[in-house]
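Work through these exercises with the sequence and the model open side by side. Try each task before reading its solution.

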Amino acid sequence: MPAPSIGDYALIGNCRTAALVSREGSIDWLCVPAYSSPSIFAAILDRDGGYFSVRPKGAFRAERRYLPDTNVLETTFHVEGGGRLRLTDCMPLPAEPTGEIEPAHELEPQHEILRRLECLAGEVEVEVELAPRPDYARRRVGFARRGRLGWQLTGCRFSAFLQGEMDLAPDPGRALLAGSARLRAGEARALSFAYDNNEAAVLPPLGDWARRRIDDTAGWWQWWTGRASYEGEYREQVLRSALVLKLLNCASSGSVLAAPTTSLPEQIGGERNWDYRFCWVRDSALVLHAFLALGFLEEAQEFLGWLLHATRLTWPELQVMYDLYGETELDEYTLPHLSGYRGSRPVRVGNAAHAQLQLDIYGELVATVAQYVAAGGELDPTEQRMLAGLARSVRRLWRQPDQGIWETRSPPRHHTYSKAMCWVALDQLCRLKLVADRDAVERECTAIRADIEAHGFDAGLGSYVAFYGGREADASLLLLARHGYCKPEHPRMVGTYRFVTRELAHDGLLRRYRTERASDGVAGGENLFAPCSFWAAEYLANCGRRGEARALFERLLGCANDLGLYGEEIVADTHEPIGNFPQAFTHVSMISAATALTVEKTA
Amino acid sequence: MTEISVEILHVLLWGLIATAAMSGIQFGAQYLGYSRLSLPFLIGTMFTGERAAANVAGVVFYLLGGWLFAFIYYFIFASLEHGGWLLGMLIGLAHAVILLVAFLPLLPYMHPRMASEYEGPSYRRRLQPPGFLALNYGYRTPLATLVAQAIYGAILGATLLR
């Protein structure tokens with residue numbers, strides 16, 4: 001049986017790792033102890049990759065939702081014969097001394113997946129299967145009964161337990177733990193999968209305590225969401241995006257992950273399958289904007305702190321991406337034993353793009369800092385010196401060809417967007433008064449702009465082009481207005497919008513570039529790139545074309561799954577999410593477009 | 001400074017060094033995935049359910065325990081009028097055996113946060129018990145404990161009785 005559609009998955013997490021839960025109640029992706037650790041459940045990438053399934057026996061129809069303003073997932077199964085079963089899934093969060101929620105002061109496992117079943121009507125027989133496959137399914141484990149403490153995984157270096165309020169037994173032939181229970185209306189059962197990496201296992205109690213911990217977790221998320229100051233339009237969808245962003249916001253470092261998954265393909269059967277469990281400098285300006293726009297100042301400060309800390313390791317140059325803790329070695333390799341999502345091979349771990357030269361990231365980082373300062377943030381002298389060092393790197397590097405924002409694996413080119421972001425970097429550093437030789441930097445800015453206008457603009461097309469000497473469109477050029485390189489209503493920007501949408505739009509939604517023409521060094525094509533369509537909506541809002549912006553934005557809202565989650569891309573024909581899922585870049589682009597629409601309306 | 005004071009400082013210094021070496025081996029075994037036994041964590045959780053506070057308190061108590069046992073080793077060497085790394089190592093191994101077969105299996109009856117396989121976890125009792133030879137914390141745990149305690153004893157044996 002093939003893996004469910006990508007849009008059939010929901011995300012739960014505890015801000016240290018995250019799991020994908022299918023509409024049918026199967027947890028098909030979980031990495032422990034951290035987001036970018038090897039998986040223990042990877043059925044989404046290979047049906048024998050490990051899973052934790054809870055579902056009714058026989059045919060059923062499922063509907064689901066997140067409890068309001070939380071990341072607690074509730075799936076309701078409607079079973080043949082009138083039975084109705086509710087499954088509540090969450091990764092409990094340790095109670096925080098928030099002043100509103102009483103801390104528990106009791107031990108919690110390092111990670112826990114808590115699943116509570118409640119029969120709402122009729123009688124429902126429930127089947128449970130736990131098939132752990134640690135280390136990307138390269139290891140098999142056994143099971144040992146530990147009395148009333150439940151079942152412990154054996155043959156592994158970590159501690160993992162499954163406790164369940166039902167009979168479970170190993171099925172050695174299938175290397176899993178299975179059980180079933182018949183529930184009548186009003187009856188409930190809980191299951192807890194607890195993980196501890198290198199200390200004695202902590203086993204939380206079930207029964208009423210399970211329900212209470214779900215309530216506490218929901219309460220924590222509602223407390224967090226309640227801190228949002230956003231009062232603009234599309235509030236419900238914007239807060240859902242904020243909740244996704246928080247799930248990808250690593251509590252122990254402040255970094256924001258691009259996505260919690262690896263190798264969910266950009267096209268079914270294609271080889272454009274990348275590991276996104278890292279932090280891209282490219283995403284930083286939009287991430288910070290999202291936190292600031294929604295009033296999450298603490299998260300914004302922590303994120304900027306991580307960004308400036310991480311980039312010190314490669315200072316005065318920047319790397320395209322860093323891991324959660326700022327590490328720079330992200331070597332890429334494939335996992336040939338995994339068949340890939342619906343046969344989409346290879347499955348990659350690590351990301352070779354980390355060693356590429358991408359000049360746009362200098363502008364992204366400085367634009368992020370500029371937003372922070374504009375919001376009242378302050379930079380210490382070390383940070384100021386570090387940023388001044390970036391100016392020297394930009395002045396030295398901007399004339400070089402690079403791989404561009406899309407990390408092409410073809411020979412480097414002079415990408416127009418990269419040059420423009422070099423201009424943004426120097427321009428913003430001058431405005432922030434962080435460069436010692438301001439006159440020289442301003443002359444360099446003038447030189448970059450002259451270079452772009454001479455080589456990156458095609459008078460015949462009336463548009464900026466993807467790279468010097470070419471006549472290709474690139475959706476990243478829509479961001480030139482956002483970053484202040486060109487006013488939205490400037491004829492060159494208007495022409496660029498027209499050219500980009502003419503060349504890249506499919507049924508009104510955008511690709512990032514034409515893979516068949518761009519020779520990006522990877523075989524196959526891809527679908528529509530979700531963030532680019534939000535950039536188009538934001539551009540339209542910023543140049544006063546409100547009706548068009550709103551229409552496009554509302555169409556894009558329809559491209560999320562039923563829970564409001566977006567992948568990296570959108571399937572051209574069905575408009576379903578595809579690619580790594582859910583994708584922070586898409587969600588922050590959505591928030592940015594929504595805030596632009598709100599500002600535009602206010603104006 | 002009197003001779004006794006010098007001797008006490010000497011025991012304290014080498015007790016600290018031996019405890020650090022023993023801890024290093026145990027932490028190393030933990031982080032290499034050979035064992036999940038952390039005595040500081042088990043000791044600390046007797047006093048608090050907050051993981052960070054438990055680890056800090058546990059390290060303090062563990063260090064105090066390391067000093068206390070350094071004095072006990074000293075008195076053993078003094079009563080035997082003999083020291084040396086080999087004798088120290090043998091005492092350390094005996095110490096490890098007592099820990100593994102007596103102290104740790106009895107811990108669930110003394111530890112307020114340790115669960116029992118007969119009763120299951122409760123609101124407060126959530127820690128998995130170590131079991132026979134602390135094998136519940138990884139099958140290499142006895143080996144790691146024996147090596148750590150042997151090194152502790154060997155250092156004290158080699159240094160305490162001059």
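The exercises below concern a predicted model, and each task is followed by its solution.

**Exercise 1. Overall build of chain A**

Task: Count the helices and strands of chain A, then decide how its radius of gyration compares with the globule rule.

Solution: 
- Step 1. Chain A holds 15 helices and 27 strands.
- Step 2. Its radius of gyration is 25 Å, and the globule rule gives 25 Å for 603 residues. The two values are close, so chain A is as compact as a globular protein of that length.
- Step 3. Check the extent. The C-alpha trace of chain A spans about 75 × 50 × 50 Å along its principal axes.
- Step 4. Check burial. Of the 603 residues in chain A, 57% are buried.
- Step 5. Check the contacts. Take those in chain A between residues at least 6 apart in sequence: 66% of them join residues at least 24 apart.

**Exercise 2. A helix pair in chain A**

Task: Describe how α6(A) and α7(A) pack, starting from their angle and the distance between their axes.

Solution: 
- Step 1. Locate the helices. α6 of chain A covers residues 360–374, and α7 of chain A covers residues 381–397.
- Step 2. Read the geometry. The angle is about 150°, and the axes are 11 Å apart.
- Step 3. Apply the cut-off. Angles over 145 degrees count as roughly antiparallel, so α6(A) is roughly antiparallel to α7(A).
- Step 4. Find the residues. From α6(A) come Tyr362(A), Leu365(A), Val366(A) and Val369(A); from α7(A) come Leu387(A), Leu390(A), Ser393(A) and Val394(A).
- Step 5. Sort them by class. The contact of α6(A) with α7(A) has seven nonpolar residues, one polar and no charged.

**Exercise 3. A helix pair in chain B**

Task: Do the analysis for α1(B) and α3(B).

Solution: 
- Step 1. α1 of chain B runs over residues 3–31, and α3 of chain B over residues 51–80.
- Step 2. Their angle is about 120°, with the axes 8 Å apart. That makes α1(B) oblique to α3(B).
- Step 3. The crossing of α1(B) past α3(B) is right-handed.
- Step 4. Among the α1(B) residues in the contact are Trp14(B), Gly15(B) and Ala18(B); the α3(B) residues include Gly66(B), Trp67(B) and Phe71(B).
- Step 5. By class, the contact of α1(B) with α3(B) has nine nonpolar, three polar and no charged residues.

**Exercise 4. Where the chains meet**

Task: How many residues does each of chain A and chain B bring to the contact?

Solution: 
- Step 1. Chain A supplies 18 residues and chain B supplies 25.
- Step 2. On the side of chain A that touches chain B, nine residues are nonpolar, four polar and five charged.

**Exercise 5. Backbone details**

Solution: 
- Step 1. Pro33(A) sits in the loop between β3 and β4 of chain A.
- Step 2. Pro316(A) lies in the loop between α5 and β18 of chain A.
- Step 3. His575(A) is not a glycine, yet its phi is positive, about 65°.
- Step 4. Ala134(B) is not a glycine either, and its phi is about 60°.

Note on methods:
Residues are numbered from 1 along each chain as its sequence is written. Chains are lettered from A and ligands numbered from 1 in the order in which they are written. This is a predicted model: local features need pLDDT of at least 70, side-chain atom pairs count only at pLDDT 80 or more; totals for chains, interfaces and linings use all residues. Helices (H or I, at least four residues) and strands (E, at least two) are DSSP runs, numbered from the N terminus. The radius of gyration is taken over C-alpha atoms; the globule rule is 2.2 Å times the number of residues to the power 0.38. A residue is buried if 20 or more other C-beta atoms lie within 10 Å of its own, exposed if 12 or fewer, and partly exposed in between; C-beta atoms are placed from the backbone. Two residues are in contact if their C-beta atoms, placed from the backbone, lie within 7 Å. Axes are lines fitted to C-alpha atoms, for helices over the stretch in contact, and angles run from 0 to 180 degrees between N-to-C directions. Angles under 35 degrees count as roughly parallel, over 145 as roughly antiparallel, 65 to 115 as roughly perpendicular and the rest as oblique. Ala, Val, Leu, Ile, Met, Phe, Trp, Tyr, Cys and Pro count as nonpolar, Asp, Glu, Lys and Arg as charged, and the others, Gly among them, as polar. A crossing is left-handed if the near helix is turned anticlockwise from the far one by less than a right angle, and right-handed if clockwise.
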